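Please read it alongside the sequence and the coordinates.

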Amino acid sequence: MPHSSGGGSHGGGFHGGGSSGGSSNRVSNHYYPGARRYIRHHRNTGVDEYVYARTMPQRSGLSGLIIVIVMALFFLGVTSMVIFQDKPRRLNGLYDSPKVYDDANVIEDDDALTEKIEEYYVLTGICPVIYTVNDEEWNFRYNENLTHSYDDLESYTFFKYTDNFQDEKHFVIVYSVPKQSQSLYEQGKIDVPDYSWEAVQGDDTDLLITETMFERFGKTVQEDLEKGAGPGVAFEDAFEYAVKNADSKLNPTLGTSFLRVLTSSFPMLFSMGIFIPMIIMSVKAYKRDRDVEYEEVPLDVNDVAESPSIGGVPVNGYSKSFSESTEKISKVGSVFSFLFIIPFLVAGVGITVTGLVTLGSANDPMMGIFTIIFGVVWSIISFTVFFQTVKGLIKGKKKADVTPLTAEYPKAEYPKAEYPKADYPDVSGTSQPAQPFQPSEPEFDPAFFQSAKSDIEDDDEDYKRMKRRGYE
């Protein structure tokens, strides 16, 4: 579908672009808090070794390696097509010849402008068509008798394109000016009329009429019109630049070609940088695990005793603070993964929608079909990762208790103390209460605990008398 390139007006200036987890199962050769112990048995060599993990380690199967390779080939194939799709080339086909329709009679030399746009058409295959009109032809503010009025010149230009052309290979420009303003300009009473202009291009022209190209094109038109030049001169100068720009793209130098290929290859190189390490690691994991068997065995007391402790007293075989820290790190990683995958989800949906739009509007339906397939595969992969991440977050939230270890710590058993029983006299059958045990001899000398008395108390009467009065 054609889209607006941009435009400008007197007083408004030039404008471009119109509207249109959970925690992973860590496998280690050393015990870590919360891990179980497994024997890794190599069938070919007969070698056994202990490994530690939270759950039974899974062997790397051939299916996982195949999935990674298929994904890599798919993405590399898609990104490599960008190199060929982005290469500017001349459009093929037969169209109406480039024309200038000066209905407003504001172009002084129609032939010179027509010659320039024909040169551009021969070089690029893009067919320029230029219209000049008065605002009274499309704007209700200047003509109340219009059967149909347009909100702005951009809408009117879009109508001129779709009403006259059914392909995507035209470049339509409309220049509009009020009759009164043009009359004042021709009389020399004003330097610049109250003009406006808009351009609409077909989708197939995008490789040559890029945003950067049209920005320079539009500024050339705008500068000439603001200097008081007529639209014929302004558009002729702009197409002079357009011819040079197109020639540099269609017949690039060796350095320019290399730079373009390098720039276009960046998505493919980025994909290779991601998938090649993934394939290498998958191949190594498959070779390592294809003859391996795992069997869980009880933990040894020495495993737990030698495990690192990070603050706090170990609880059920591992440090409480370490467990809390690990849980927090796991949650942060899961949240980060959750947020990271959202742009990929949006991109997958956007690519699919773009493919549907392209399928319905482009002349090449195969490009639309390919874009849809790519977007669907991208979305499936993204939704799978998203689902696994959300599932891990939910499981991590529900998991409140720690998984018990398989080892049972030995409990210390102490011998029970046995004391000799005392023999007490049998008092059954007597009415007298049992007498407490009295030792035959006193254990301590009572005289030792008697208060000491001074000889003065016995002999001195004055001392006794003063003591009774309160003197010590």
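This is a predicted model: local features need pLDDT of at least 70, side-chain atom pairs count only at pLDDT 80 or more; totals for chains, interfaces and linings use all residues.

**Overall make-up**

- The protein contains 13 helices and 11 strands, and 33% of its 472 residues count as buried.
- Its accessible surface amounts to about 30900 Å², and carbon and sulfur atoms account for 57% of that area.

**Helix α2 against helix α6**

- Helix α2, which spans residues 110-124, packs against helix α6, residues 231-250, at an angle of about 15 degrees, and the two axes lie 9 Å apart.
- Because angles under 35 degrees count as roughly parallel, this angle makes α2 roughly parallel to α6.
- On the α2 side the contact is formed by A112, L113, K116, I117, E119, Y120, L123 and T124, and these meet G232, F235, E236, F239, E240, A242, V243, A246, D247 and L250 on the α6 side.
- Sorted by class, the residues in the contact of α2 with α6 comprise 11 nonpolar, two polar and five charged.

**Helix α5 against helix α6**

- Helix α5, residues 211-226, crosses α6 at roughly 155 degrees, with the axes of the two helices coming within 8 Å.
- Since angles over 145 degrees count as roughly antiparallel, α5 and α6 are therefore roughly antiparallel to each other.
- From α5 the contact draws on T212, M213, R216, F217, T220, V221, D224 and L225, while α6 contributes P231, V233, A234, F235, D237, A238, F239, Y241, A242, N245 and K249.
- The residues of the contact of α5 with α6 divide by class into 12 nonpolar, three polar and four charged.

- Apart from neighbours within four places in sequence, D102 is in contact with I107, D110 and T132.
- D102 and Y175 are 73 residues apart along the chain, and their C-alpha atoms are separated by 9.2 Å.
- N105 is found in the loop between β5, residues 99-102, and α2, and at 58% relative accessibility N105 counts as exposed, a class that begins over 50%.
- The phi angle of N105 is near 55 degrees, which is a positive value in a residue other than glycine.
- Most residues other than glycine have a negative phi.

**S28 in the loop between β2 and β3**

- S28 lies in the loop that runs between β2, residues 13-16, and β3, residues 36-42, and its relative accessibility of 13% places S28 among the buried residues.
- Once residues up to four places away in sequence are set aside, S28 touches V51 and Y52.
- S28 and V51 are 23 residues apart in sequence, and the distance between them in space is 5.6 Å, taken from C-alpha to C-alpha.

**F374 in helix α11**

- F374 lies in helix α11, which covers residues 365-398, and F374 is buried, with a relative accessible area of 12%.
- When residues up to four places away in sequence are not counted, F374 touches F74, F75, V78 and I351.
- F374 and F75 are 299 residues apart along the chain, and a distance of 8.6 Å separates their C-alpha atoms.

Notes. Residues are numbered from 1 along each chain as its sequence is written. Side-chain values use heavy atoms; hydrogens and water are left out. Axes are lines fitted to C-alpha atoms, for helices over the stretch in contact, and angles run from 0 to 180 degrees between N-to-C directions. Helices (H or I, at least four residues) and strands (E, at least two) are DSSP runs, numbered from the N terminus. Angles under 35 degrees count as roughly parallel, over 145 as roughly antiparallel, 65 to 115 as roughly perpendicular and the rest as oblique. Contact means heavy atoms within 4.5 Å. Ala, Val, Leu, Ile, Met, Phe, Trp, Tyr, Cys and Pro count as nonpolar, Asp, Glu, Lys and Arg as charged, and the others, Gly among them, as polar. Buried means under 20% relative accessible area, exposed over 50%, partly exposed in between (1.4 Å probe, protein chains only). Accessible areas come from the Shrake-Rupley method with a 1.4 Å probe; for residues, only the protein chains shown count as cover.
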